[in-house]
Amino acid sequence: MREDLLHFIWKNNKLRGKSLATEKGQPIEVYQSGTLNLFAGPDFFNAKLNIGGQVWAGNVEMHIKSSDWYIHGHEADLRYNNVILHVVWENDVEVFRKDGSSIPVLELKTIVDKEFLNSYNNLLRNTKKSFINCESQLLQIDSFIIKNWQERLYIERLQDKSALLFQLLEDSQNDWEKVLFCMLLKNFGLNRNGNAFLELGKAIDFSIIRKVAPNILQLEALLLGVSGLLDGLEGVHSYEKQLINEYNFLKIKFQLKSQVAKPEFFGLRPSNFPTIRLAQLAQLYHKTQNIFRKVITDGAGVDTSVFKEVAASDYWNTHYNFGKVSTHRRKKISKTFIDLLVINTLIPVKFAYQKHLGKLQPEVLIVQMRSLSSEKNTINTNYKNLGVPVENALDSQANLQLYHKYCVKNKCLQCALGHQLLRRNS
């Protein structure tokens, strides 16, 4: 038995039609079940109940066993003094408020429908599942419910991502250009080097980026040097020698230290090597100033025009790493990569910025996400095989949120799809 199941039963009127009474035989009539509290304090606020012929307004607390009241220390907590009903699965001890008054108890284990419990157990204890608990039942759910839930999941995902953005904003003394710079670095690093690139962004005072951006060689030297990619480089090619000289100059001028984790090359396609991605980012900031204003604040959605035609400098046309000559190829930022930046950087930053201003317009961002192709990964392939829509980037992002925040954590009772299945099957 789980406490969130008790919340589900109470919140969704699964006791409707039952003859309810306290352990002392007082009849209970529920006028209002109250509002579920997701933070500290009683589980449901502002309930309205008739207990033994007297109408009560107050809070409802829930536990698996009534003795959990004492295990959690509620008897000494003033926030629980206005609890009017203690709803438990098993009543094993009488409980009292801080003022010594006894709290009426409703025990559920003898009154909850067996059919409902079987549906719940079948959902959460699916031993034959290959991916998620409800995989054999998803086709029972109306597509409108799924699409609506995906939209809510995507907004939830943006809310979750905002935590890092607001921390970066605080660390940068409210410099949104610095926030965008850090997030672009993180996503230029992709999964393999994302954290290393983010630490690189944090380590460099953004005022230095502003000062050296007009000089592309200095900007490349700054990013490649602080990241540690120039460490040990002998500098055979003239470009390599120039980078080393420029970084040595910048290191003294700005007292730079390469204290971040060195990016990795192993397991990456050459086009995603950290050398290439940092050289491309350097060109972006060399060619365009005030990127945040141009990309994020101009217009309702996000503008990607500044990323078009951005390519690494000429040396990288014949190199993927220092000292290793390759077939000539211009290292331009691809449309596919720009789309990934929109999905993982630009729209999350735009959402956080709107939230910061108190002017959220999620519907505009949703439209832009629906215009982008879905991401290809194992999780989305599995959902698609089960009939869950994966038609665009919003769907694929929502499915990632669904999987990581609900499915793998067995939070079926907090999931709209799990709710629907339990309502349908009980």
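**Gaps, rings and helices**

Q: Which helices each supply at least two residues of the lining of the largest cavity?
A: Helices here are DSSP runs (H or I, at least four residues; strands are E, at least two), numbered from the N terminus. On a 1 Å grid over the protein atoms alone, a cavity is a set of points where a 1.4 Å probe fits but cannot get out, whereas a pocket is an open set with protein on both sides within 12 Å along at least five of seven lines; a lining residue has an atom within 4 Å of a point. With those rules, the two helices that each give at least two residues are H15 (393-407) and H16 (416-424).

Q: What kind of model is this?
A: Residues are numbered from 1 along each chain as its sequence is written, and side-chain values use heavy atoms, with hydrogens and water left out. Local features need pLDDT of at least 70, side-chain atom pairs count only at pLDDT 80 or more, and totals for chains, interfaces and linings use all residues, for this is a predicted model.

Q: How much space lies in the largest cavity?
A: The count comes to one cavity of 30 Å³ or more. Among its 14 lining residues, Cys 134, Cys 407, Cys 412, Cys 415 and Gly 418 lie nearest the centre. A volume is the space filled by probe spheres set on the grid points, which are joined across faces, edges and corners. For the largest cavity, that space is about 100 Å³.

Q: How many nonpolar residues are in the lining of the largest cavity?
A: Ala, Val, Leu, Ile, Met, Phe, Trp, Tyr, Cys and Pro count as nonpolar, Asp, Glu, Lys and Arg as charged, and the others, Gly among them, as polar. Two lining residues are polar and one is charged, while the nonpolar ones come to 11.

Q: Which helix gives the most to the lining of the largest pocket?
A: Now for the open spaces. The largest pocket holds about 1400 Å³, and Asn 187, Leu 190, Asn 191, Leu 340 and Asn 344 lie nearest its centre among 44 lining residues. By class, the lining has 14 nonpolar, 16 polar and 14 charged residues. With eight residues, the top giver is H12.

Q: Which helix gives the most to the lining of the second largest pocket?
A: This pocket has a volume of about 630 Å³. Of its 25 lining residues, Lys 11, Leu 36, Leu 38, Leu 413 and Gln 414 are the closest to its centre. The elements giving two or more residues are H1 (3-11), strand E5 (54-65), H4 and H16. The most, five residues, comes from H1.

Q: Are the planes of Trp 176 and Phe 292 stacked or edge-to-face?
A: Rings of Phe, Tyr and Trp (its six-membered ring) pair if their centres lie within 6.5 Å; planes under 30 degrees apart count as stacked, over 60 as edge-to-face and the rest as tilted. The whole structure has 19 such pairs. Trp 176 and Phe 292 sit 5.7 Å apart, centre to centre, with 20° between the planes, and that makes the pair stacked.

Q: How many residues apart in sequence are Phe 206 and Tyr 285?
A: Their ring centres are 6.2 Å apart with planes at 80°, so this pair is edge-to-face. Both Phe 206 and Tyr 285 are buried (under 20% relative accessible area; over 50% is exposed, in between is partly exposed; 1.4 Å probe, protein chains only). Phe 206 is in H7 (206-212) and Tyr 285 in H10 (274-287), so the pair ties together parts whose separation in residues is 79.

Q: How many of the residues of H10 are buried?
A: The expected span of a helix is 1.5 Å times one less than its number of residues. For H10 that gives 20 Å, and its end C-alpha atoms are 20 Å apart, which agrees. Its buried residues include Arg 277, Leu 281 and Tyr 285. Out of 14 residues in H10, the buried ones number 12.

Q: Which ring does the charged end of Arg 277 sit over?
A: A charge sits over a ring if NZ of Lys or CZ of Arg is within 6 Å of the ring centre and within 35 degrees of the ring normal. Lys 331, for one, lies over the face of Tyr 320 at 4.3 Å from the ring centre. For Arg 277, at 3.8 Å from the centre, the ring is that of Phe 337.
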